[in-house]
Amino acid sequence: MTETIDAVLDALGDATRRRIYEAITAQERSVGDLAALFPISRPAVSRHLRLLTEAGLVVHRAAGTRHVYSATPTGVAALRHYTDDLWTLALNRLATLAEAAGVIDQAAAETVAAGRPRGADR
Amino acid sequence: MTDHDAPPSQEALAPIVKTLVLRCRRELAFSLFTTSMADWWPLASHSVSGSSAATIRFAGRVDGNITEVAPDGTESVWGTVTHWDPPAAFATTWHPGTDPATATHLRVEFTAVDETTTELVLTHSGWETRGDAMRAGYHVGWDAVLAGMPHQLGATRPPIS
């Protein structure tokens with residue numbers, strides 16, 4: 001169970017692999033399709049697809065003469081959960097920035113309200 | 001809980017909703033989220049350029065783009081604004097590094113709690129549409145182990161306070 005979770009996190013933790021996976025969630029793709037979409041070689045695409053397959057996020061099948069990869073239903077939920085965690089991280093960073101900006105903004109507002117610059121002789 | 005052959009539950013693909021209190025006034029909160037996105041977004045790990053030195057240009061108007069500008073000048077559009085109502089709310093398509101045709105949708109609302117505090121509600125939706133598109137042509141059974149995974153992933157992350 002732990003290995004499965006780790007495999008998904010590893011799979012989605014690489015930016016290029018995550019983007020490849022998102023492209024597959026949109027529609028099934030062949031290795032050739034993906035190599036055309038991203039600035040990486042076909043062997044590199046295949047390596048990413050192998051990791052995504054091992055993590056249970058994609059499966060492949062023969063479609064006529066093409067070999068295509070499609071996302072498993074589980075995969076969209078996993079991607080959504082990954083994004084949920086990303087927003088938690090990003091918004092916490094925004095909150096920290098807002099706190100600092102708020103302090104400066106507050107001080108400036110108080111200075112204006114007081115009608116005189118800070119440190120001026122009283 | 002989840003049938004082996006059932007598609008993801010409605011809940012599993014429901015919109016992501018995040019609520020956050022920002023300790024600054026509403027106009028500033030809106031501005032920090034939009035114009036200053038590069039100052040808080042984790043660019044090093046989540047950007048097309050992979051560089052913390054990238055900037056984000058946020059064109060604040062309907063049909064304006066949110067654009068990542070890499071240090072070498074390369075531009076990548078992350079989304080296009082669909083609703084612009086400062087300082088109350090904005091909405092945008094969201095497709096950082098991916099195909100605009102399959103974008104999800106982001107809506108952010110700002111409510112003044114008082115003069116120095118703002119409540120932010122972020123809704124990130126469109127997951128069920130992706131799920132439907134996949135289910136239409138996909139008939140493999142559901143993996144019960146992975147079905148339970150989102151809850152387990154959740155347990156490893158600290159909650160937003």
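Which side chain does A:Glu28 meet in a salt bridge? The partner is A:Arg61, at 2.7 Å from N to O. A salt bridge here means a side-chain nitrogen of Lys or Arg within 4 Å of a carboxyl oxygen of Asp or Glu.

Quick ground rules. This is a predicted model, where local features need pLDDT of at least 70, side-chain atom pairs count only at pLDDT 80 or more, and totals for chains, interfaces and linings use all residues. Residues are numbered from 1 along each chain as its sequence is written, chains are lettered from A and ligands numbered from 1 in the order written, and side-chain values use heavy atoms, leaving out hydrogens and water.

Back to the first pair. A:Glu28 sits in the loop between helix H2 (15-26) and strand E1 (29-30) of chain A, and A:Arg61 in strand E2 (58-63), so the pair ties together parts 33 residues apart in sequence. Helices (H or I, at least four residues) and strands (E, at least two) are DSSP runs, numbered from the N terminus.

Now across the chains. A:Asp84 forms a salt bridge with B:Lys18, closest N and O atoms 2.6 Å apart. That pair runs from helix H5 (73-114) of chain A to strand E1 (16-22) of chain B. Buried or exposed? A:Asp84 counts as buried, at 16% relative accessibility. B:Lys18 is buried too, at 9%. Buried means under 20% relative accessible area, exposed over 50%, partly exposed in between (1.4 Å probe, protein chains only).

One more. B:Arg25 and A:Asp105 meet at 2.7 Å, N to O. B:Arg25 is partly exposed, at 32%. A:Asp105, B:Arg25 and B:Glu27 are linked in a network of salt bridges.
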